[in-house]
Amino acid sequence: MAYLFAFCRLLTGIVFLMSAVSKLRGRAAYEEFTAATRALVRLPARPVAALVVTAEAAVAPLLAWPPTVLAGFCLALGLLVAFTVAIAVALRRGRRVSCRCFGASAVPVGPGHLVRNAVFLAAAAAGAVQAGAGTVLAGLGPAGFAAVALAAGAAAVLLSAIGEIAGLFTSSP
């Protein structure tokens, strides 16, 4: 259980840290995210974009500090549900909105993004259940933790690029 808990914590933390950093890496990146937010939701884009980036940036520190791990998972779950609903609504309405989840991407949101979010939701939910049950990271040891960290990092990078990867196989020439 400690390995799964560590994997869920690291995967969720890395994903949200990557997402926040990609939006804050420059003014243009943040403005592109704000424009994508405007196209995705019918709410004031600037405050929503600021709230999203702030919440994303808060997830990793909450997951890193043991007394706030459950709060970190709950925040991640709330964000993931909101993102998934926004993507599903955009798809249902036939909107072609660029995914700015992890930076500058020309790939519009699509079913692959829903699958990616389902994986992230499953990891965050599993982590929340384990955090609520009092699971700790004891017993992993340095080698075990390193292996879990490597796996979580690789999964985060792969899943964050799933839209672009899917686009390679579905784009018309």
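These legends walk through several close-up views of a predicted model. Residues are numbered from 1 along each chain as its sequence is written, and side-chain values use heavy atoms, with hydrogens and water left out. Because the model is predicted, local features need pLDDT of at least 70 and side-chain atom pairs count only at pLDDT 80 or more, while totals for chains, interfaces and linings use all residues.

View 1. Among the buried residues of H4 are Val 69, Gly 72, Phe 73, Leu 80 and Ala 90. Buried means under 20% relative accessible area, exposed means over 50%, and partly exposed is in between (1.4 Å probe, protein chains only). The buried residues of H4 pack against helix H1 (2–24), helix H2 (27–40), helix H3 (45–64) and helix H5 (111–132). Just after H4, Gly 94 takes a positive phi of about 75°.

View 2. Val 81, Val 85 and Val 89 make a nonpolar surface patch of about 210 Å². Patches are made of residues with over 30% relative accessible area and no salt bridge, joining like charges within 9 Å and nonpolar side chains (Val, Leu, Ile, Met, Phe, Trp, Tyr) within 5 Å. The areas come from the Shrake-Rupley method with a 1.4 Å probe, and for residues only the protein chains shown count as cover. Val 85 sits in helix H4 and is partly exposed, at 47% relative accessible area.

**View 3. Helix H3 from end to end.** At 1.5 Å a residue, the 20 residues of H3 should span 28 Å; the end C-alpha atoms are 30 Å apart, which agrees. The buried residues of H3 include Ala 45, Val 48, Val 52, Glu 56 and Leu 63. What covers the buried residues of H3 includes H1, H2 and H4.

View 4. The structure holds three salt bridges, each a side-chain nitrogen of Lys or Arg within 4 Å of a carboxyl oxygen of Asp or Glu. Here the side chains of Glu 56 and Lys 23 meet at 3.0 Å, N to O.

View 5. Arg 46 and Glu 31 join through their side chains in a salt bridge of 3.0 Å, N to O. Arg 46 lies in helix H3 and Glu 31 in helix H2, so the pair links parts 15 residues apart in sequence. Arg 46 is partly exposed at 45% relative accessibility, and Glu 31 is partly exposed at 28%. The side chains of Glu 32 and Arg 100 also meet in a salt bridge, at 3.6 Å, N to O. Glu 32 is in helix H2 and Arg 100 is in the loop between H4 and H5, so this pair ties together parts 68 residues apart in sequence. Glu 32 is partly exposed at 32% relative accessible area, whereas Arg 100 is buried at 18%.

**View 6. Thr 34, tucked into helix H2.** Thr 34 is found in helix H2 and counts as buried, at 1% relative accessibility. Leaving aside neighbours within four places in sequence, Thr 34 is in contact (heavy atoms within 4.5 Å) with Ala 45, Arg 46 and Ala 49.

View 7. Ala 155 is in helix H6 (residues 141–160) and is buried, with a relative accessible area of 17%. Its contacts, leaving aside neighbours within four places in sequence, are Phe 7 and Leu 11. Ala 155 and Val 15 are 140 residues apart in sequence but 9.2 Å apart in space, C-alpha to C-alpha.

View 8. The structure holds zero disulfides, a disulfide being a pair of cysteine sulfur atoms within 2.5 Å. The sulfur of Cys 8 is 14 Å from the closest cysteine sulfur, in Cys 74, which is too far for a bond. Cys 8 is buried at 2% relative accessible area, while Cys 74 is partly exposed at 44%.

Technical notes
Helix = DSSP H or I, 4+ residues; strand = E, 2+ residues; numbered from the N terminus. Expected span 1.5 Å × (residues − 1).
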